[in-house]
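Hi,

Here is the structure I promised to pass on.

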Amino acid sequence: MFVDQAKIELVSGKGGDGAVNFRREKYVPDGGPDGGDGGRGGNVVAVADSGLRTLMDFQYKKKYVAPAGENGSKRRRSGKDGADLEILLPVGTLIREATTGGVIADMTEHGQRVIIARGGKGGRGNWHFKTPTRQAPTFSEQGRSGVEREVILELKMIADVGLIGYPNVGKSTILSQVTRAKPKIANYHFTTLTPNLGVASPTEGSSFVIADIPGLIDGAHTGIGLGHDFLRHIERTGIFIHVVDVLGLEGRDPAEDVEKINNELFAYSDKLSSRLQIIAANKIDLLGPDADISEFTQKMEQKGYKVFPISAATSNGLNELMLYVAQMLDEIELEPLYTEDELFVEPEPAPLEWYFDKFEDDGENIYVVSGELAERIVFSTDVENDESFRYFQKYLADNGVFEKLKQMGINDGETVQVADIEFEYYD
Ligand SMILES: Nc1nc2c(ncn2[C@@H]2O[C@H](COP(=O)(O)OP(=O)(O)OP(=O)(O)O)[C@@H](O)[C@H]2O)c(=O)[nH]1
Ligand SMILES: [Mg+2]
């Protein structure tokens, strides 16, 4: 089964809890606090793997939770970080945030790794809370919870060249002749139900990937037929080989075919309208001795298309076509798949948050403010210097820290500890 879309939920691991412990050694009567820190929770990491072809696995399993970090233990021993949870994805998978649709990452290369959800921070053990006035803190921090992210996976295959056209015009036959791929070929519509890839190498040293997608029909962009579901797989291709049955064996006019298919492509996405198209006028082996395709050829050339008369059945003309494609691939520059502002939603939201905890120690409340922001302001504060300390207080006020402490029920005279700085609260 070929599955190219999925919506899954990723949850990074919870941080381990900090430990509460006191040193107990034979000849040390009153050992100090030595509870270690909890380890960080496991990250959820997307990994591109060229061995995978579909997103089928995600049909069944929708929720992925990374392991928690280990709790801290005695003797200041830190808990182990949670292991990364790797989500293996086929190369070409786009990861979008489900809520905004923004692109988080485009997994275009085998082995590429992107952290999608960062594990929660481990809690600090009780030895961090020892101060001159509090020799034996009986509390520690809990680990922070992990992050939950709902993401949409969208596989857009990586190919240089896309074969497009009506059903039954010979697209799969071309693929089977110029690559080692063995797509199903038959004389009816929609023989090809899912995309096929093959590698062509018309000259030594040149090679490119060709994608064959199900045939397109009128109204494809509104969901008629199969083609529309698969257009995403030619979004990355720089060149389209537009295949027509030049004899009009099924009663259609090949020039009209080209126009109709192009209308479908452009209705699907504007971006496809600027792609280079090369016309493969197929099935010329069936042309009678007096047949003349110059009218078709001229029409196409007037529109700026180069036309290659070919027979996929006999291989006639295929080599010239492939050499031209190789040459053009060298010359064209491909537009990016997504716009600048669509790219990138932060792959790993930076935890620039304030964390608040309320602990009870010896019947007394202690309010602990922590996190990256708390550490930064404390780092730049000199508590011995009045001006510096006033700046520190103002910074906390401006950032809503006191407001939050009030909500937590702080009373005058109770202790606040911001990272390493401790002071008494007065409204
Ligand atoms: N005589 C002749 N028959 C061809 C040629 N190319 C393809 N055919 C036949 O046309 C029919 C359709 O070929 P496919 O390659 O399956 O066509 P397709 O475009 O992939 O069709 P869908 O997958 O249904 O979209 C088959 O019976 C092929 O053998 C050709 O150059 N000459
Ligand atoms: Mg086919």
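**The metal site**

Two side chains hold the magnesium ion (ligand 2): Ser172 through OG and Thr192 through OG1, at 2.0 to 2.1 Å. Donors here are N, O and S atoms within 2.8 Å of the metal (3.2 Å for Na, K and Ca), and since water is not among the atoms, sites may look incomplete. Ser172 sits in helix 2 (residues 171-178) and Thr192 in the loop between helix 2 and strand 10 (196-203), so the pair ties together parts that are 20 residues apart in sequence. Helices (H or I, at least four residues) and strands (E, at least two) are DSSP runs, numbered from the N terminus.

Ser172 counts as buried, with 8% relative accessibility, and Thr192 counts as buried too, at 9%. Buried means under 20% relative accessible area, exposed over 50%, and partly exposed in between (1.4 Å probe, protein chains only).

Before you go further: this is a predicted model, where local features need pLDDT of at least 70 and side-chain atom pairs count only at pLDDT 80 or more, while totals for chains, interfaces and linings use all residues. Residues are numbered from 1 along each chain as its sequence is written, chains are lettered from A and ligands numbered from 1 in the order in which they are written, and side-chain values use heavy atoms, with hydrogens and water left out.

**Ligand 1**

Ser172 turns up again here: an N or O atom in its side chain is 2.9 Å from an oxygen atom of ligand 1. Backbone N or O atoms also reach ligand 1 oxygens, from Ala312 at 2.9 Å and from Ala313 at 3.0 Å. Polar contacts like these are pairs of N or O atoms within 3.5 Å. Taken alone, ligand 1 exposes 650 Å², and the protein buries 88% of that. Helix 2 gives the most to the shell around ligand 1, with three residues.

One open sheet has six strands in the order 10-11-9-12-13-14, with mixed pairing. Strand 10 and strand 14 (306-309) are at its edges with a single partner strand each, so one side of each is left without a neighbour in the sheet. Strands count as paired if DSSP finds at least two bridges between them. Inside this sheet, strand 12 (residues 239-245) and strand 13 (residues 276-282) run parallel over seven bridges, and His242 stands opposite Ile279 in strand 13.

Another open sheet has three strands, ordered 4-2-7, also with mixed pairing. Strand 2 (residues 44-49) pairs with strand 7 in the antiparallel sense over four bridges, with Val45 opposite Ile115 in strand 7.

Cheers

Terms used: A polar contact is a pair of N or O atoms within 3.5 Å; within protein, one must be able to donate a hydrogen and the other to accept it, and residues adjacent in sequence count only if both atoms are side-chain atoms. Accessible areas come from the Shrake-Rupley method with a 1.4 Å probe; for residues, only the protein chains shown count as cover.
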